[in-house]
Amino acid sequence: MTYRPLFHFTAERGWINDPNGLCFYKGKYHLFYQYNPHSTEWGKMHWGHAISSDLVNWEHLDIALSPDEWYEDDERGGCFSGSAMVIGDRLYLMYTATAGGKQRQCIAYSDDGLNFTKYDKNPIIEPPEGIHEERDPYIFRLHDRYLTLVGMPGKIELYSSCDLLSWNDEGCFYSLPPEMGSFVECPGIFFLGDEAFLTFSPMHFGCVGAPVTVIRGKMDGLSFIPSSVSSADSGPDFYALQTFLTNKGERCGFAWANGWEWMDDFRGFGPTEKEGWRGCMAFPRIYSLKEGHLSAFPVSEAEECYNIIEIDDRLKLTAERTFLPRNDVFHLSLSLDPGIGDVPELEIGIYKDSTKELSLIVDFHSLTAYLVELSDGSVDRIFKTSFAEGEFSVDVFADKSITEIYLEKGYSSFTINTYRNEDYRGPWIRALSGTIDATLRFSLSEE
């Protein structure tokens with residue numbers, strides 16, 4: 001059994017994590033990413049590079065950044081995460097370099113999107129006095145200035161510049177409550193209408209934070225005024241979200257389909273090391289406001305990958321499991337109107353094998369969905385999220401070792417790594433009691 005996804009981005013070999021430098025430049029989408037080409041474990045980081053015309057089908061390019069300067073020569077460091085800015089015909093990359101246990105911000109640039117030159121006056125930002133860890137710069141433009149957010153212990157620092165090369169420290173942009181985490185990684189910000197959405201991945205987030213936390217608020221000059229807190233995804237495997245504008249002007253985001261909870265021993269990451277690769281990206285998602293709620297759903301090209309229709313019909317679900325064609329690459333789309341009658345709980349099974357079982361339980365009374373993982377018949381993990389009242393839909397995108405689940409076309413979501421044994425069954429659907437009238441669309445794809 002193989003685990004490499006067919007449609008989710010993976011490197012040809014080695015380890016990958018955070019998406020970096022997302023942009024549209026000279027007619028192509030550019031995806032950079034944290035990369036260790038020499039091992040399937042995290043190590044001395046490079047920037048891998050790929051390009052695409054549709055955000056789903058990618059062409060692998062040569063490594064964009066290698067840790068070959070004095071300011072990025074830590075064996076457990078290298079060229080850490082960052083972002084991109086296109087100015088005229090030039091593409092700028094801003095990234096964190098690590099040397100001597102100290103993290104600094106640097107610039108590289110390209111005039112063709114293929115070959116990159118590091119600025120000869122790097123580093124361009126030194127950390128504040130007494131701070132050694134300051135990383136993952138995110139560049140954006142506001143009020144005729146270039147701004148960058150940088151993650152630090154307990155806060156996000158803001159810097160400003162007129163030319164991307166000389167930077168002023170503007171102080172704390174957001175202070176992280178201790179119960180939400182200890183260190184901010186991969187900060188970012190985007191705007192929909194007059195509202196701002198600050199995103200970041202807090203380390204040691206405990207039970208209050210999330211792998212990607214979203215702070216909704218507004219800008220007042222260079223100050224961010226927070227108003228509410230939410231999660232970008234309710235599953236365990238969605239980290240380091242970075243967003244950018246597509247050539248259509250849509251807000252699109254990528255995330256690494258994993259997290260750091262297992263870093264010491266890679267517990268639960270799965271058996272992909274035997275195949276020579278480790279790590280993938282979640283599907284690119286378009287972010288939008290629907291009736292004031294921040295929603296995110298995969299780009300249309302992702303749905304088009306699953307192009308063999310097996311079932312497209314109305315069903316009456318009972319307590320008996322309705323098994324669909326056995327597969328680990330499928331798109332299941334189910335819709336119903338829970339406003340008609342007393343709708344019982346719905347179960348959508350992703351897979352069941354000799355040791356594990358993964359299923360989604362939907363409770364229409366509490367408007368809560370639960371992603372339940374069993375190991376040897378006992379509950380291993382439970383994740384939950386909410387959804388809105390009214391007509392209901394769920395989309396499950398399974399792709400070998402990753403499964404993404406979207407409620408109501410992106411009102412909420414789960415992302416989780418899924419490693420089936422050869423003896424697996426699934427997927428299936430059923431009502432946990434009574435009956436449910438639903439419309440099902442189930443499609444596969446050719447390998």
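1. On conventions, residues are numbered from 1 along each chain as its sequence is written, and side-chain values use heavy atoms, with hydrogens and water left out. Because the model is predicted, local features need pLDDT of at least 70 and side-chain atom pairs count only at pLDDT 80 or more, while totals for chains, interfaces and linings use all residues.

2. Ser110 belongs to strand S7, residues 102-110 (strands are DSSP runs of E, at least two residues, numbered from the N terminus). With a relative accessibility of 1%, Ser110 counts as buried (under 20% relative accessible area, with a 1.4 Å probe and protein chains only). Leaving aside residues up to four places away in sequence, Ser110 touches Tyr25, Asp89, Arg90, Leu91, Asn115 and Phe116 (heavy atoms within 4.5 Å). A polar atom of the Ser110 side chain also lies 2.8 Å from the backbone nitrogen of Gly113.

3. Four strands form an open sheet in the order S9-S10-S11-S12, with antiparallel pairing (two strands pair if DSSP finds at least two bridges between them). Strand S9 (135-142) and strand S12 (167-175) stand at the edges with a single partner strand each, so one side of each has no neighbour in the sheet. S9 is joined to strand S10 (residues 145-152) by six bridges, and Ile139 has Thr148 in S10 as its bridge partner.

4. Three cavities of 30 Å³ or more are present (on a 1 Å grid over the protein atoms alone, a cavity is a set of points where a 1.4 Å probe fits but cannot get out, and lining residues have an atom within 4 Å of a point). The largest cavity is lined by 14 residues, and Gly82, Cys186, Pro187, Leu241 and Gln242 lie nearest its centre.

Note on methods
Buried means under 20% relative accessible area, exposed over 50%, partly exposed in between (1.4 Å probe, protein chains only). A polar contact is a pair of N or O atoms within 3.5 Å; within protein, one must be able to donate a hydrogen and the other to accept it, and residues adjacent in sequence count only if both atoms are side-chain atoms. On a 1 Å grid over the protein atoms alone, a cavity is a set of points where a 1.4 Å probe fits but cannot get out, and a pocket is an open set with protein on both sides within 12 Å along at least five of seven lines; lining residues have an atom within 4 Å of a point. Grid points are joined across faces, edges and corners, and a volume is the space filled by probe spheres set on the points.
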